[in-house]
Amino acid sequence: MEAAPLIELRNVRKTLGRTRVLDGVDLKIYRGEITAVIGKSGSGKSVLLKHIIGLFEPDAGEILIEGRSRAARSAPEKRALKRKFSYVFQDTALFDFLTVFENVALPLSERRNERPAEIARRVREKLRQLDLDDVEEKYPSQLSGGMKKRVALARALVTDPEIVLFDEPTTGLDPIRKNAVHSMILEYQQRYGFTGVVVSHEIPDIFFIAQRVAMIDEGRIRFEGTPEEIQRAADPEVRAFIEGLESPRDDLTGVDSHPIGQKRLLQEMIRLQRHEIPFSIVLLAVESRGGTERIGGHEAGQEVFKLFANHVTQNTYITDTCFRFDINKIMVLLPDTNRQQAMLFCRKISRSLEGHPLLDGPGGQAAFRFAVSAGIAQAAPGADLDDLVAAALEGVFVLYESHA
Amino acid sequence: MAEIVIFKQPIAGLGREAIAAVRYLGRIFLFFLRGFLLVFQPPFQFDKIRQQIYFIGMKSVFVICLTAGFTGMVLGLQGYYALVKYGSTSALGSAVALSLVREMGPVLTAIMVIARAGSAMAAEIGIMRISEQIDALKTMDIDPMRYLISPRIAAALVCFPLLTALFDVVGLYGGYLSGSVLLGVNPAFYFSRAQSSVEMADILGGFIKSLVFAVIVVGICCFQGYYTHTRAEFGAKGVSLSTTSAVVISCVLILVADYVLTTFLM
């Protein structure tokens, strides 16, 4: 028995001009989850998002929020419902006649529930978290693209919404900033528990933060499921789309991408079963301790992750595979290696980190504060890949901690 | 049957155009009415109205003075050469004052404000529309009509009569400059005739005109900007077309309305 969805779209149809953009969309969005909506450009992702918030009315079908459609609500109920939502526009849609501070304050000051001093406090807090404190008197046109995105994010989050809709929040950002925005969304979501819907092109990065993925194609939902499910989907259309966007290398860290790693794991599993050649996996998770309540902390965190991944690759043999496993995890696949040997590999990594010019710094003066935890598992013949990963996750220990 | 079609077609076309025009004006009036009523919805948007008064009114003062000065001067000049033939140059004051208060003041003020503020309004709101800023307001539960349109309507209704009054006064002195200072009409005659010939009804008529013009200008300019996205052309092209049609339609309608109002006021 699954929980009732927070938002449910039933057979939603919409024609704009002469194009049928949505042609019977059925989609369920669950409370407290991040749902990613993926699909080709022009497949109606943004239109779908605008239907959820009520900027567009469907031609046919209905949109139920908490089990009731918008039309069935009275005017005060509609207003109350609207205040639970926030929307991050693709092109930021910042008000160009207002300063950054006024932009972020607007949703609060127009509600007039709070006194100006309280509003200013909340706005400043959000601006500080997104490292925008020194630009609050500037106008949006004076900011860079990445900064505008952050202002838009601040404006959306300042009202403590229950549901946040993101329309391509990372388009046009470099890999570090993109991953920082993703990890920020994830952290905010975990901290405040909002329900997120993210329209995105970032495959496979978006799979690291989403609990559910829906793929829209020709106005319909072609696939709906978990990120693992969509990556294993048999549907040729879904496969073609996902694989078309996947690059063999992860663009942040430069190590192999997740699907490549999954393929290597499968190959090793077959080698183990046929030829009884053992192999082990090491899961390395990087935790930045650089104050992740700020986006700057997140950006530094991505920088650390990148440096660390480079460092690990330098310490592996050519036969080993190193790939991005999660938003802050990389997995090292060590063929022909048992648990003890994998442990030695971990020790080697840990030892070599001491005195690393950037990560450890001369005389213990590290540029970044972070910790690495590791989990090791040796594959057993006949075992499932998921069990192997679970075993690695179970025995996690702290491998390294930078000097404070 | 064929000949009937030939006769019917242009008439049917004319009718269609007429109905479309009336519908269009009706939509603009409803748009204006909604914005106008939202002016009074508490809490009162005093700050935003003040900003718009500054933009529409204060920033137009210079250009209004300039046009009013030269309009008055040319009226003085033309009036003098027309009156001197009949030896009644002493009537120059009343000629200048009446044409300013009744016609030139309201009409030229409206046209100058269209050029300065009306086009800016259409372009500003149009850009907000195409860059999704109006949608963003909606997602924040802020009524864009109340937030964007109402302050402009309130400010226009305040500014138009005041700017018209300024135009009249400056124009009167412009006429004095060309008529008395340059051409030698007795200044005492000029001002006393101006004072005695202008009645309260003339001034009231001028104010009624300026208020109606305010409704036309702010209604059309805001409407054109607000519905930029419904045009066939998108983006910057759409905004430029909205601005152009805002200026052209409101200028034409000002002159049409001026004629209609004058008929009623006479």
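1. Helices (H or I, at least four residues) and strands (E, at least two) here are DSSP runs, numbered from the N terminus.

2. A word on the basis. This is a predicted model, in which local features need pLDDT of at least 70, side-chain atom pairs count only at pLDDT 80 or more, and totals for chains, interfaces and linings use all residues. Residues are numbered from 1 along each chain as its sequence is written, while chains are lettered from A and ligands numbered from 1 in the order in which they are written.

3. Chain B overall. Its secondary structure comes to 9 helices and 0 strands. The pattern along the sequence is α-α-α-α-α-α-α-α-α. Its C-alpha atoms fill a box of roughly 65 × 65 × 30 Å, taken along the principal axes. Of the 266 residues in chain B, 41% are buried. Buried means that 20 or more other C-beta atoms lie within 10 Å of the residue's own; exposed means 12 or fewer, and partly exposed is in between, with C-beta atoms placed from the backbone.

4. Contacts within chain B. Two residues are in contact if their C-beta atoms, placed from the backbone, lie within 7 Å. Take the contacts in chain B with a separation of 6 or more: residues 24 or more positions apart account for 87% of them.

5. Helix H6 of chain B. This helix has 39 residues, 144-182. The expected span is 1.5 Å times one less than the number of residues.

6. Backbone points to check. Most residues other than glycine have a negative phi, and most peptide bonds are trans. Asp141(B) has a positive phi, near 65°. Asp141(B) sits in the loop between helix H5 (133-139) and H6 of chain B. Asp141(B) is partly exposed, with 18 other C-beta atoms within 10 Å. In chain A, phi of Asp131(A) is also positive, near 55°. Asp131(A) lies in the loop between helix H4 (116-129) and helix H5 (145-157) of chain A. Asp131(A) is partly exposed, with 17 other C-beta atoms within 10 Å.

7. A cis peptide. Pro42(B) and Pro43(B) are joined by a cis peptide bond, with omega about -5°. Pro43(B) is in the loop between helix H1 (2-39) and helix H2 (46-56) of chain B.

8. The contact between chains. Chain A gives 15 residues and chain B gives 11. On the side of chain A that touches chain B, the elements giving two or more residues are helix H2 (75-82), strand E6 (85-88) and helix H3 (100-109) of chain A. By class, this side of chain A has 9 nonpolar, no polar and 6 charged residues. Ala, Val, Leu, Ile, Met, Phe, Trp, Tyr, Cys and Pro count as nonpolar, Asp, Glu, Lys and Arg as charged, and the others, Gly among them, as polar.

9. Strand E8 of chain A. 5 of the 5 residues of E8(A) (195-199) are buried, so this strand is largely enclosed by the rest of the structure. In a regular strand the side chains alternate between the two faces of the sheet. In E8(A), both faces are covered: Thr195(A), Val197(A) and Val199(A) are buried on one side, Gly196(A) and Val198(A) on the other.

10. Partners of E8(A). Strands pair if DSSP finds at least two bridges between them. Strand E3 (residues 34-39) of chain A runs parallel to E8(A), joined by 4 bridges. Here Ala36(A) has Val198(A) as its bridge partner. Strand E7 (residues 163-167) of chain A is also parallel to E8(A), over 5 bridges. Leu165(A) stands opposite Val197(A). From E7(A), the chain crosses through helix H6 (residues 175-192) of chain A to E8(A), a right-handed β-α-β crossover. Right-handed means that, with the strands pointing away from the viewer, the path from the first strand over the helix to the second runs clockwise.

11. Ala180(A) is in helix H6 of chain A. Ala180(A) is buried, with 26 other C-beta atoms within 10 Å.
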